[in-house]
Amino acid sequence: RIARVKGNDGGASRVGEALELRGWARSVRTQKGMAFIDLNDGSAISGMQAVVNEGSAAWDALDAGGVSTGAALRVKGKLVASPGGKQAAELAVEEIDVIGTADPETYPLQKKRHTLEYLRSIAHLRPRTNTIGAVARVRNQLAYATHTFFQEHGFLYANTPIITASDCEGAGEQFQVTTLVEALKNNRPSSDLPKNKDGSIDYSQDFFGKPSYLTVSGQLNGEIMACAVNDIYTFGPTFRAENSNTSRHLAEFWMVEPELAFADLNDDMDCAEAYLKYCLNHVLEHCDEDLEFFEKNISKDNLRERLRNVASQEFARITYTEAVEHVLNAKKKFEFPIEWGSDLQSEHERYISEEVFKDRPVIVRDYPKDIKAFYMRLNDDNKTVAAMDVLVPRVGELMGGSQREERLDVLERRIEEVGLEKESYWWYLDLRRYGSQPHAGFGLGFERLVQYVTGVENIRDAIPFPRYPGSAEF
Ligand code: 4AD
Ligand code: MG
């Protein structure tokens, strides 16, 4: 494999070895009786320069055609020191087999810069580009870091359902599950099926006996688990039928949701800060070549230094009331006005972490209860709840969490206040009826973390197959 051959010294220590490599030609150019193939096996940014001399047996293979950008190749040869300054070693080619051709007339990924927007229209080919390949590797390492961090701290990885009847965030942004039950039509006489008022079949009532939805968050199930087996985390897909035509929203995104037993908001904030720093240190250690690539081509700044700084300093912690004051005192104009009681818009969030706190993450706590979900613990002022959001430069809200309301009577009042049906939450209230304890958790949007670490501006480039209005082909 090319990546292993290259190692950390670009292959210098293995000069002289005979090798057989398999990969794809990223480019092929001919010059003064020599051909240079940039061969890459997809596992790293850097590939191997394969050099073919005119008159060799391999040259005949080139003449036969088929060795072009995108073609899958098997190349045999000897690793030699590279006379050019660009790489330590190159492959002196003795034999080439074309495993799969890529017609230069039609192959969409010719060697040139393509815009990320164009690449989204060929989502089945874009992982072959340096950018999207590097995003996939960083994403993989962030997932690895997530599991390692929580496992090392004794958290249990819990799986929560994708189909659910409850709306955790109470925002009414759920996708309803209906097509699943189409299948039942064939198995039951239509007289048996529930009907809408107009006589048509009411599929929504059918399969689970009540309307069901794709989950917006695993939190409520996570709480059940944390109230039984102590600290847990979930890591799975979540769905929101909200406006996804922004660079920070997807209709389907992955969320990491730890839930801490016997814990308050301070424990929650400490956990969020430690987890994010762990992730940054992990990618700085394991993804240097990819981060260097993002630095040069995507963020066009000192990305690695920025991440290193964030990982080594304390996050700022302020209250919502202080955050509002910062925005009100700002010299710059915002698109949306703000007053105490209204939600922070992403322009406000970015202003606070980028300008007020000079490119430093900020944790904002104690939001007005009226703009937050029913389950958050009411503070003694009766106006705010023990909520926290972690804001980071360039992305805005990266995590959102809270201490949960553990007092049965207060929770019952809140459920009524926000207009939910108490009966539907009997199981959630039971957690407060039997062995209740303060607990807290948060959710991190995994694609926003990928965005933050790589510097890609649009969240649609932080996941291989993004889902947004009009994007569900494959
Ligand atoms: O702030 P949110 O809505 O919080 C919850 O869902 C809680 N139940 C989490 C918890 O306490 N266990 O979402 C959490 C995070 C946000 O901070 C954001 O990073 C991300 O999920 N997020 C999205 N990411 C991409 N696309 C969307 N449409 C997102 N909506 C939220
Ligand atoms: Mg939130």
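Predicted model: local features only at pLDDT ≥ 70, side-chain atom pairs only at ≥ 80, totals over all residues.
The protein chain comprises 474 residues, of which 36% are buried, and its secondary structure consists of 13 helices and 15 strands. Taken along the principal axes, the C-alpha atoms occupy a box of roughly 85 × 65 × 45 Å. When contacts between residues at least 6 apart in sequence are considered, 68% of them connect residues at least 24 apart.

The domain assignment divides the chain into domain 1, spanning residues 2–100, and domain 2, which is made up of the two segments 130–177 and 212–461. A distance of 46 Å separates the C-alpha centres of domain 1 and domain 2, and the contact between them involves 4 residues of domain 1 and 6 residues of domain 2. On the side of domain 1 that touches domain 2, 2 residues are nonpolar and 2 are polar, whereas no charged residues are found there.

Five strands form a closed barrel in the order β1-β2-β3-β5-β4, and the pairing within this barrel is mixed. Neighbouring strands of the sheet are turned against each other by 55 degrees on average, with direction ignored. Within the barrel order, β4 and β5 are adjacent; strand β4, residues 72–81, runs antiparallel to strand β5, residues 89–100, and the two are joined by 10 bridges. In this pairing, Lys78 stands opposite Ala92 of β5.

The loop between β2 (34–40) and β3 (48–53) contains Ser43. This serine, Ser43, is classed as partly exposed because 15 other C-beta atoms lie within 10 Å, a count that falls between the limit of 12 or fewer for exposed residues and that of 20 or more for buried ones. Ser43 and Ile232 are 189 residues apart along the chain, and their C-alpha atoms are separated by 33 Å.

Around ligand 1 there are 23 residues, of which Ser217, Gln219, Gly400, Gly443 and Gly445 come nearest. At least two residues of this shell are supplied by each of β10 (252–260), β14 (396–403), β15 (440–445) and α13 (446–454), and the largest share, amounting to 6 residues, is that of β14.

Notes: Residues numbered from 1 in each chain as written. Chains lettered and ligands numbered in written order. Helix = DSSP H or I, 4+ residues; strand = E, 2+ residues; numbered from the N terminus. Contact = placed C-beta atoms within 7 Å. Near = placed C-beta within 6 Å. Domains from an automatic or database assignment. Nonpolar A, V, L, I, M, F, W, Y, C, P; charged D, E, K, R; others polar. Pairing = 2+ DSSP bridges. Axes fitted to C-alpha atoms, helices over the stretch in contact; angles between N-to-C directions.
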